[in-house]
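Below is a short report on some local features of one protein model. Look at the structure first, then read on.

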Amino acid sequence: MCELVVAHCFAYQGEPFMVRPAGGEPTYYETGSDGIALSADGTRLYYCPLSSRRLHSVSTDALADPDATDAEVAATVEDLGFKPMADGLESDDKGRLYGGDLEHNAIWRRSPNGTYRTLAQGSDLIWIDTLSVASDRHLYAIANQLNRLSPFHEGNDLRGKPYLLVRLPIDAGPVRLV
């Protein structure tokens, strides 16, 4: 299969985001592709590394073809340009993508034409992840405060209650392939 790009360090709220164990040396937080979502018609798989501001897509036909070589699959990859730093992606039946903007405590929507719109923003939207479009025509997301977990703060868990489940009306439903 195609290799995942691993970025070694990214900034979060102006500081390098690193694993900082109690009594140990900080190390770079390494991660590969984190967000994935299907296009409304099922022909493209969108993906992005957590530590990147780039969005890509790849042909689902190429991915599903057992005879396709890595080079043939890679030839179908499209660089769709900028995206906010997001942990997780979701899509709707109108061809729009959703994600969290980790650096601005926000939730965004990308239209099929590539424009972005902030749907919600607030100091309590800390590390938006695990997004889901439901049949009730709402987007659900978790503010999971991953950045406040103990591995990133010398063993100190800095998360604070309440943990949030966000529900936003979006006038669209989930992607359903038949």
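R110 lies in strand β11, residues 106-110. Strands here are DSSP runs of E with at least two residues, helices are runs of H or I with at least four, and both are numbered from the N terminus. The model is predicted, so local features need pLDDT of at least 70, side-chain atom pairs count only at pLDDT 80 or more, and totals for chains, interfaces and linings use all residues. Residues are numbered from 1 along each chain as its sequence is written, and side-chain values use heavy atoms, with hydrogens and water left out.

R110 is buried yet has no salt bridge. R109 is likewise buried and without a salt bridge. Buried means under 20% relative accessible area, exposed means over 50%, and partly exposed is in between (1.4 Å probe, protein chains only). A salt bridge needs a side-chain nitrogen of Lys or Arg within 4 Å of a carboxyl oxygen of Asp or Glu. For charge, Lys and Arg count as positive and Asp and Glu as negative, while His and the chain ends are not counted.

| Buried arginine | Nearest side chain of opposite charge | Distance |
|---|---|---|
| R110 | E78 | 8.0 Å |
| R109 | D92 | 5.5 Å |

What does R110 contact, leaving aside neighbours within four places in sequence? The partners are L55, L80, G95, R96, L97, T115 and Y116. Contact means heavy atoms within 4.5 Å. With residues up to four places away in sequence not counted, R109 touches R96, L97, Y98, T115, Y116, R117, L119 and I170.

**A negative patch**

D61, D65, D67 and E72 gather in a surface patch of negative charge. Charged patches join like charges within 9 Å, using residues with over 30% relative accessible area and no salt bridge. The charge is placed at CG of Asp or CD of Glu. Areas come from the Shrake-Rupley method with a 1.4 Å probe. D65 sits in the loop between α1 (60-64) and α2 (70-74). D65 counts as partly exposed because its relative accessibility is 35%.

**Backbone features**

Where is the cis peptide bond? It joins K161 and P162, with omega at about 5 degrees. P162 is in the loop between β14 (138-143) and β15 (164-169).

T130 is not a glycine, yet has a positive phi of about 50 degrees. T130 lies in strand β13, residues 128-133. At 54% relative accessibility, T130 counts as exposed.

R137, also not a glycine, has a positive phi of about 65 degrees. R137 is in the loop between β13 and β14. Its relative accessible area is 36%, so R137 is partly exposed.

Note on methods:
Patch = residues over 30% accessible without salt bridge, like charges linked within 9 Å, V, L, I, M, F, W, Y side chains within 5 Å.
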